[in-house]
Amino acid sequence: MTIGITHLLVVSAALFCVGVFGLLSRRNAIALLMSVELMFNGVNVALVGFARFGYSNLRPLSGMAFALFVITIAAAEVAVAVALLLVAYRRHQTVQADELDELRG
Amino acid sequence: MLLATQNLQFPPTRDLIGLLPELILSGAFVILLMLDLVTPPSRRSLLAAVSLVALAAAMGAVVWGWFDADHARTIYAGSFAYDRFGRFVDGIVIASAALTVAISPDYLNRRGLHFGEYYALILAATVGMMLLAGAASLIVIFLGIELLSISLYILSGFAHTETRSQEAALKYLLLGGFASGILLYGMALIYGATGHTQLTLIKQSLAGSSGTDPLFLVGVGLLFVGFAFKVSAAPFHWWTPDVYQGAPTSVTTFMSVATKVAAFASLIRVFTYTFADSTDKWTGIVAFVAIISMVVGNVAALTQTSLKRMLAYSGIAQAGYILIGVAVSPDPLGTVGSLYYLAAYAATNLGAFAVITVLAGRGEDLDSYDGIRGLAYRRPYTAAAMAFFLFSLGGFPPTAGFFAKFLVFSAAIHAHAVYLALWGIGTSVISIFYYLRVGLLMYTRPKEGEETYPWARTSLAGGGVLAASAAGTLVLGILVFLIYTAAVSAQHGVLPVPQQLA
Amino acid sequence: MNGTLAGVLGTLILAFPLAGCVLCALLGPRYGRRFVNWVGPGVVGLSFLVALIVLAQVVGAPEHSKSTTVEIWNWLFLGAGNLHVGVDLTLDPLSTVMIMVICGVGFLIHLYSVGYMEHDPGIARFFSYMNLFIFSMLLLVLAADLVILIIGWALVALSSYLLIGYWYERPSAVLAARKAFITQVIGDVAMIIAAAMLFTSLHDAGGHRIFTLSLPTIFANASSSFSHGGPLITGICALLAIGAFAKSAQFPLHTWLPDAMEGPTPVSALIHAATMVTAGVYLIARFHVLYDLAPVAAGMVACVGIGTAVMAGVIALSQVDIKRVIAYSTMSQIGLMIFAVGIGAYTAGMYHFVTHALFKALLFMAAGNVIHALADEQDIRLMGGLSARMRQTEVAFLAGSFALAGIPIFAGWFSKEYLLGFGAVSGPLSPLLYLVGIGVNVLTGLYAFRLWAIVFRGEPQTARGYAVHEAPPVMLWPVLALAGLSTLTGLIIQWPIQILGGGAHLVSGFLDPVFAAGGHPAGEPGAGVAALALIAGTAASLVGVGGALRLWLWHQPDAQAVASRVPRSLTLLSLHKFYFDELYDAVLVRPTRAAAQTMRRVVEPGVMDGWVRGLADVFAGLSLDFRSYQSGLIRDYASYMIGATAVGVVVIVFVIAH
């Protein structure tokens, strides 16, 4: 069996869904952050997969460049997120997302 | 072969000039960060002045670009659109940023939040929005969205001692990341289905297909979810009330206006003009989301007791009205209506939030309805301005809101989507209840000896911003032709493929 | 005139009063009385200078290009096939005559106000309103787009409301202002319906719809859009006439005008004599193309006009408030103008408008001098014997009265007899209405000189009457200027011989081209008929004046004795103003009030509140439901979003993609 676009798309979708599932099920804000990263990585697999195995008229470099951008920006986002989490932890002594419910209604 | 020769060179001058406003603001961003190191805390208003100068320069570049971009073209190998559509939106975004910066020093000083990064972050977000407005490639769209979002995540949590602000920032970040994931997945699928990331090329490759490729259509759907999140359209609006309420009010002022404007610009560019050949596939979904937004936004706002939340829900409803202009694609009147609505929304909503910002006192942010009771008897001009903005949000003539609604509704009727106009009119009637309720509260005379909220004195800058917003709201409501012509002109040249107004 | 020049002049004319209004309102309270005394009249004076330039330009323009329409600002243009509204101005002989009178007489009245209002603390507000009024009126007459015209029309109503109710602490003034405004709104609604009917029925010669409310376009396409005498055009003209009647205080919308005398006297002079009330005449003259297509509506206008003229003349005979007498006389004279435009004698109507503006503003301002001198006394029974101490005012008043009564060589004589001459040969029921017009002449002479005799002659009726002083110069000079104009205008612009010979004539030569375009103006009476009509009309006027002098100056027979010989019903009708206020009270006001009270007692709480509250409850409940989903938890938000996304994806894959 040769690896093709279908397999990569399945892996990508699976990663993405794991991320979504994590976001819905976890309570720790750091875990939520990791779930978002998983979703991004699912996307990256799809992008690189398309670039490598996609249709003949496809521009492979676009997809790869896109994936690089996604990785970079995900890193930036994590940096900001961790900083915010640290501040929150100092005030609350916890990073449980469920306790962030003062703003509602 | 693809990029080998071209992209290794330094970008040609005409490409650089196309990005002139963005470059000015990025330069100012760096300068501000360095200036902050040498500016004593008491003189931080200087940083606001520097930002205003940079924004004025960028505005000049945008105005120049408006005339220069008469013949639309793409720059940077098709990844950025240099057209009037983008300049139009840039103008709104820069004006919003400038007005926000102008009211910020007083507000931040009172709240004890006056730090230099604030202005740098506002400029960074502005650059992100302008990139988004002009983006002609999926990658640049993503970049723009993330640049503006990350800046706004930090700004939302700028009140580092307040739990609400922290909560808002974390919610915005986690949900925003989630939405970005969905958006990216959509982009990946579209890339897979069409083989391109540049909108022009995507449009070309779509021209030959039947447009029923599920891969592509799912991609379109996911992309729309990502945009709907950014413009806070229901049912992807959940973050909006919480973040608007928790963030410092000056940040909310900026975010509520500029983000929506920029995201809508990109939404229109991608959907109405890139996916123009398959409008019958997706307009139904957009119309549905528009209706849900109008209903949810207006109904949920009815029973609010927080000004910021009320305006947040009102913003959700306004997103619904603006989406009508997208849902009637490919009718160019819809785009014109949406653009006009964006300008009107920017002037009005910025004014309404600016009122709350300039009034906020030293302690708690001004937020609850009680805090505005009797305002008209202490601050008659400010109350009159707020009443005017509320009238505009409610869509009364002769304000901007009236003509904005008129234009999108007439576009809906023109495109034989009368049901959208009817939903719009029906929900507007509901909206009048909660807008007028706040208006009445301001004009309720406080009882003898009753304590009112300790409103701050309106400074010259604050008064100027309110006057400018009110003037904008009035001009858009009376001298309709001015912005209407500009919107038509912006629509004419919109990339990826210009379409003529019938 | 070239378009750019016309645009500049039109903009300037409008800009000055508007700037004055804003300046007086914003800076007046700060800079005080001197400031507004200069700004208020000054801006109108500037407009008048511009109006003079316009006049020179229009007179000097070659015959075929007297009318210029320019677009100042393209206000609204909503795509192809949609409404287009421009701030378009027309400068033609008709609008030139109007702006000359509005700015010229308006300027004199503003000057006069400086003196009349010298003790009033709200002078800034007063001049702000006055300038707003001048602006609105100018907008109305310059407008070349029906939308702009209606805006001017409504602004006139608004500013007159503000001015009538200027002394807002007086309940009677507030009520009068309200009454005037409500009547105006009836007219506005009629106008707007007429505009909508015009908009929906306009076609070009090829049968294609035309989406515009631009007046030149409407007039150019009137004959292709409407059949001559058809029901649609008759309806439109009737509705426009209702608008005109409301503004011009014509039956049955006339009751507001006497009450409007609650405003300061300069206001009465400006609004209720010189300008606003003639807007109806202007409107019908401006829409002459349409009225020429609707003879039934035009005939109705003529009948209403002459009827109002008679009725108001009768009422004026028995009123005892000096300003109300003049107000009824205004109503009567406007009735004559409306009659003239109704029978197609547009030029004659406009001519009488010009002279009437002069002598009626004069009468009001002279009456203002009297009222001012007697410390706000308006009851003529308490006046008398003022001629000894107010010589100049009396002379001016007499000049106005002669002009009003139509005594030869005074301005009113030329215009009124000229106007009535048309009635002898044109219009419905001709020459029956002409004979009624002759009767109006008698009435006019009677009430005009009754007023003079009672106010200025005889003995002072109160102690204050012995102590009056002549008005200060700032109030006297405008009055004397108008007195001169009222005496000489007719002579200057029209030698008597020309009217007898039926020859060319400055006013008709100037205005006729406007009305010739596309219309069928009334035929000029022949020289013989004109001469006959002139003699009969003048004789009737002299009979009236003579009767007045006998009754009220020489008391032989005594006025009371005459009144007892006249049928009692007629005197009662006159005294009670034909019972219109009572009638409207019984037929309109009370039933409306009763219905409103019933609504409030029964319908409002039971039915309206019921469903409104029910609906509000439903939505409030729905609102709380919606909000309960806004739980504040990231997890919930994410699951709603992913749920919605999943549903969307399913719909896309299984419905849309197939």
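Let's start where chain A meets chain C: 12 residues of chain A are in contact with 10 residues of chain C, contact being counted when the C-beta atoms of two residues, placed from the backbone, lie within 7 Å. On the chain A side, helix H1 (residues 5–25) gives the most, with three residues; helices here are DSSP runs of H or I with at least four residues, numbered from the N terminus. That side of chain A holds seven nonpolar, one polar and four charged residues. Ala, Val, Leu, Ile, Met, Phe, Trp, Tyr, Cys and Pro count as nonpolar, Asp, Glu, Lys and Arg as charged, and the others, Gly among them, as polar.

A word on the model: it is predicted, so local features need pLDDT of at least 70 and side-chain atom pairs count only at pLDDT 80 or more, while totals for chains, interfaces and linings use all residues. Residues are numbered from 1 along each chain as its sequence is written, and chains are lettered from A and ligands numbered from 1 in the order in which they are written.

Now turn to chain B and its contact with chain A, which takes 36 residues from chain B and 38 residues from chain A. Helices H6 (138–156), H7 (163–194) and H10 (239–246) of chain B each give two or more residues to the side touching chain A, and H7(B) gives the most, with 18 residues. By class, this side of chain B has 18 nonpolar, 13 polar and five charged residues.

Within chain B, Leu99(B), Ala102(B), Ile103(B) and Asp106(B) in H4(B) meet residues of H19(B), including Gly462(B) and Val465(B).
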